[in-house]
Amino acid sequence: MEAHGVASPVRPREGMTKNVSLESLQLCERDGKAEDPGVVGMELPVARNIKISNITCDSFKICWEMDPHTTEKITHYFIDLNKKENKNSNKFKHKDVPTKLVAKAVPLPMTVRGHWFLSPRTEYTVAVQIASKQTDGDYSVSQWSDIVEFCTADYSSVHLTQLLQKAEVIAGRMLKFSVFYRNQNEDYFQHCRDVLGSRMMPSVKDNSGSHGSPLSGKLEGIFFSCNTEFNTGQPPQDSPYGRFRFQIPAEVLFTPDTRLYFGDFYCMYTAYHYVILVLAPRGSRGDLYCRDRLPELDVTNNRFLTRVSGEDGRVVFQHAQDVILELIYTEPVQLAQGTVSQISGHQLMSLSTVNAKKDPSCKTCNISVGR
């Protein structure tokens, strides 16, 4: 049984049993106070030991304990669901409106589902109130339960497949390329030489892209690009990440033993759309992480990045023209496997995707779950 979002009577833990009319249920601010609609004689049990289970990015199951001798009086449950306070949130952003749910009394556990009020990877607080609808249409209600906290999950492989299908629609035709490249400042490469044994080491992915991505803050890797300029077939001379570029032949990282995974699809309030792909050597730590979480792509036949051997034995690499590919390689890379040189263009900081937030209003790259 799914709970439906409607208004709520009073705030959790406000005390005595109350009787409220359904018409009087109002959404209110977290710090607001509800009017006292009066006290009635019927005593209803208070929900105890609330347990949250089967958590996904846009649903969860909830159950609790209560006195079994009064269950015949119970007709409804009121559920108070709020995003947990975040002291670091943007003070200029509109406050999140608390979500109040009313559900008919059904056997527990009860499923609460709704992408319009649940977002992935988000901490929530929840409290429960037991209610009994009276013959005159009013409700007798119990005291609020204690408040419990939980966090919603990442996108599942089902949700990522939906993103993949949306990305395929706009990927465009395939263009040949021959190198992967990574731009950074000069100090980064000097640090690799002096401290890291002339290696670039994987680091934890930042929070750019979809909020529900299972990659952000979890997968370790090294970001590479492969997009080329249409008129030259070469990597662009501008970059938002630094004036120094490491360039490595595509066949060094994209080998016959490399697995390819779709990771994300997003935009940043611009016309550009980004697709994140993961390149993971078979059996590597990154491969083990991705294979149960991300859709795997056929390296010879997909809309984003391919590796195809010709009849003459030569390998041809191609990338999608109409999306910007961000590639995560999950293993260390030796600087000696490629070259480092200074680019002639500019460092276009405005195009950086570091910790970039996805546009939640874009119909091209959003799906019908939390953003």
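**Close-up 1. Strand β8 and its antiparallel partners.** Strand β8 runs antiparallel to strand β10 (residues 148-151), the two being joined by 4 bridges, and Glu123 stands opposite Cys151 in β10. The model is predicted, so that local features need pLDDT of at least 70 and side-chain atom pairs count only at pLDDT 80 or more, while totals for chains, interfaces and linings use all residues. Residues are numbered from 1 along each chain as its sequence is written, and side-chain values use heavy atoms, with hydrogens and water left out. Strands (E, at least two residues) and helices (H or I, at least four) are DSSP runs numbered from the N terminus, and two strands pair if DSSP finds at least two bridges between them. Strand β5 (residues 76-83) is also antiparallel to β8, with 8 bridges, and Asn82 has Thr125 as its bridge partner in β8. Because 9 of the 11 residues of β8 (residues 123-133) are buried, this strand is largely enclosed by the rest of the structure; buried means under 20% relative accessible area (1.4 Å probe, protein chains only), exposed over 50%, and partly exposed in between.

**Close-up 2. The hairpin of β8 and β9.** The hairpin has 4 residues between its strands, and Gly137 in the turn has a positive phi of about 95°. Lys133 stands opposite Tyr139 in β9.

**Close-up 3. The surroundings of Ser284.** Ser284, in the loop between β18 (273-281) and α4 (285-290), is buried, with a relative accessible area of 9%. Leaving aside neighbours within four places in sequence, Ser284 is in contact (heavy atoms within 4.5 Å) with Thr330 and Glu331.
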